[in-house]
Amino acid sequence: MPSLLSPSLLLTYAFAAALVAGLLLKFWLASRQARHVAQHRGAVPAPFAARIALTAHQKAADYTLARTRFGLLQLAFGSAVLLGWTLLGGLDVLNQALLAWLGGGMLQQLALLGCFALISGLLDLPAQLYQTFVLEQRFGFNQMTPRLWLADLAKSTLLGALIGLPLAALVLWLMHAAGPLWWLWAWAAWMGFNLLLMVVYPLFIAPLFNKFQPLADEALRTRVTALMQRCGFTARGLFVMDGSRRSAHANAYFTGFGAAKRVVFYDTLLKQLSGDEVEAVLAHELGHFHHKHIARRLVALFALTLVGFALLGWLSTRGWFYTGLGVVPNLSLEGSAPNDALALLLFLLAAPVFTVFLTPLMAQLSRKHEFQADAYAAAQADGGQLASALLKLYEDNASTLTPDPVYARFYYSHPPATERLARLPAAPLQGATP
Ligand SMILES: [Zn+2]
């Protein structure tokens, strides 16, 4: 008996220990961040004093503090829910109830995934509502009406079901029918699905939520086209997205592959930045393409997912994987009641508890890429204009200029303002906001 029990108990301990360690680490980081931002709330850091008003600096501090505090609440709640699903037996109860109702089979497994997604979504709703209508609202960022919010929710739930259920059915079928190497097939299916989504998303899904109009500003179009030619890029189109329907936060991005690339500007970005600055921001994005960051990230993601699927392939055949995470597997009913959906859910729930410790590595790599893209922008466009654009975006998005260095090391995908601007020419003052 002990030899049967010990791997299971070991997994329980490892899971609980990683969860607690992760929680302590995140609480420590968040408290550092809050303390640091609060301590520097009183004065704009010297390098930015000429450009950023004290009121804007203090708004950024208050916004950062409010979000950090809310993040801690969400962290505590999310961890309780995770424990509820796993060690406290929530997933087991749901699985048994659905087994009793539907018997074992594909329908029961899809129902298990569907119910799990639905319950998780419902548990998330209060936090989402608070974030949009209280937190973002208080700082003047929210532009959503409750009606638009509900329409978004209905659309994304429907889309999730339409896309997610067939994909889940395919993966479950492969797990059941494709033999011991099912995880290789499932990985290939998942990869194909992701590539397909990259093509389908900008053409069919994004337009369900936003309006995309060809960039009408002739002068801006000319200079953006010239920049792209200079850098050796082709794009299928330049579009403006009505990001202002939902939020005052600004952004710009690329979608699609190769020559089918589309450039999308948020209307909020075009409103905040001058033509020179937009050009510099776009040159930064082109820098990511020039250095093949996007392709490399995709390859890294696929490689990591392969490791994940292989691990899942092995774990799903071990009884202790289920019992160690609070679920009784259907071993006695082998064949008639497969455990595939259970294995998938347990893996998706447990893996982040362990992979969270890789966050600083990913963040470090991402920051390196940002520096490279900035250097490219400074070479192909005007680095001073990029600095000016970044400052405006920091100010308009109320991003703090004084994050805690350790917090930034751990989480930040983009270098903190001081480090990033130090490597660019000084922002021209004539572009300063009045
Ligand atoms: Zn970037």
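Reader: Is Cys231 buried or exposed in this structure?
Author: The model is predicted, so local features require pLDDT of at least 70 and side-chain atom pairs count only at pLDDT 80 or more, while totals for chains, interfaces and linings use all residues. Residues are numbered from 1 along each chain as its sequence is written, and side-chain values rest on heavy atoms, with hydrogens and water left out. Burial is judged by relative accessible area with a 1.4 Å probe on protein chains only: under 20% is buried, over 50% exposed, and in between partly exposed. With a relative accessible area of 13%, Cys231 is buried.

Reader: How many disulfides does a search of the whole structure find?
Author: A disulfide would be a pair of cysteine sulfur atoms within 2.5 Å. Cys115, at 26% relative accessibility, counts as partly exposed, whereas Cys231 is buried. For disulfides, the search of the whole structure gives a count of 0.

Reader: Which residues are the protein donors of the zinc ion?
Author: Donors are N, O and S atoms within 2.8 Å of the metal (3.2 Å for Na, K and Ca), and sites may look incomplete because water is not among the atoms. Along the chain, the donors of the zinc ion follow the spacing H-x3-H-x81-E. At 2.0 to 2.8 Å from the zinc ion lie the NE2 atoms of two histidines and two OE entries from one glutamate, and the residues are His284, His288 and Glu370.

Reader: What is the geometry of the site of the zinc ion?
Author: Four donors are called tetrahedral if all angles lie between 85 and 135 degrees; four are square planar and six octahedral if opposite donors are over 155 degrees apart and all others between 65 and 115, and anything else is irregular. Among the 4 donor atoms of the zinc ion, the angles run from 51 to 137 degrees, and the site is irregular.

Reader: Why are His284 and His288 separated by about one helical turn, and which helix holds them?
Author: Elements are DSSP runs numbered from the N terminus, with helices (H or I) of at least four residues and strands (E) of at least two. His284 counts as buried because its relative accessibility is 5%, and His288 counts as buried because its relative accessibility is 7%. The two histidines are about one helical turn apart because they lie 4 residues apart in residues 275–290, helix α9.

Reader: What is the volume of the largest cavity?
Author: On a 1 Å grid over the protein atoms alone, a cavity is a set of points where a 1.4 Å probe fits but cannot get out. Points are joined across faces, edges and corners, and the volume is the space filled by probe spheres set on them. The whole structure holds 2 cavities of 30 Å³ or more. The volume of the largest cavity is about 50 Å³.

Reader: Which element gives the largest share of the lining of the largest cavity?
Author: Lining residues have an atom within 4 Å of a cavity point; those of the largest cavity include Ile52, His57, Tyr394 and Leu401. Two or more residues come from each of α2 (54–85) and α14 (383–396). The largest share, 3 residues, is from α2.

Reader: How many charged residues are in the lining of the second largest cavity?
Author: Ala, Val, Leu, Ile, Met, Phe, Trp, Tyr, Cys and Pro count as nonpolar, Asp, Glu, Lys and Arg as charged, and the others, Gly among them, as polar. The second largest cavity holds about 30 Å³ of space, and among its lining residues are Asn95, Gln108, Asn330 and Pro338. With 3 residues, α4 gives the most to this lining. The lining has 4 nonpolar and 5 polar residues, and the charged residues number none.

Reader: What is the phi of Ala398?
Author: Ala398 is one of the residues lining the largest cavity and lies in the loop between α14 and α15 (405–411). Ala398 is buried, with a relative accessible area of 2%. Although Ala398 is not a glycine, its phi is positive, at about 55 degrees.

Reader: Where is Lys292 found?
Author: Lys292 is not a glycine, yet it has a positive phi of about 60 degrees. Its relative accessible area is 54%, which means that Lys292 is exposed. Lys292 is found in the loop between α9 and α10 (293–315).

Reader: How far apart in space are Phe321 and Phe347, C-alpha to C-alpha?
Author: Phe321 belongs to helix α11 (residues 319–323) and is buried, with a relative accessible area of 3%. In sequence, Phe321 and Phe347 are 26 residues apart, and their C-alpha separation in space is 9.1 Å.

Note on methods: 1 Å grid on protein atoms, 1.4 Å probe; cavity = no way out; pocket = protein on both sides within 12 Å on 5 of 7 lines; lining within 4 Å.
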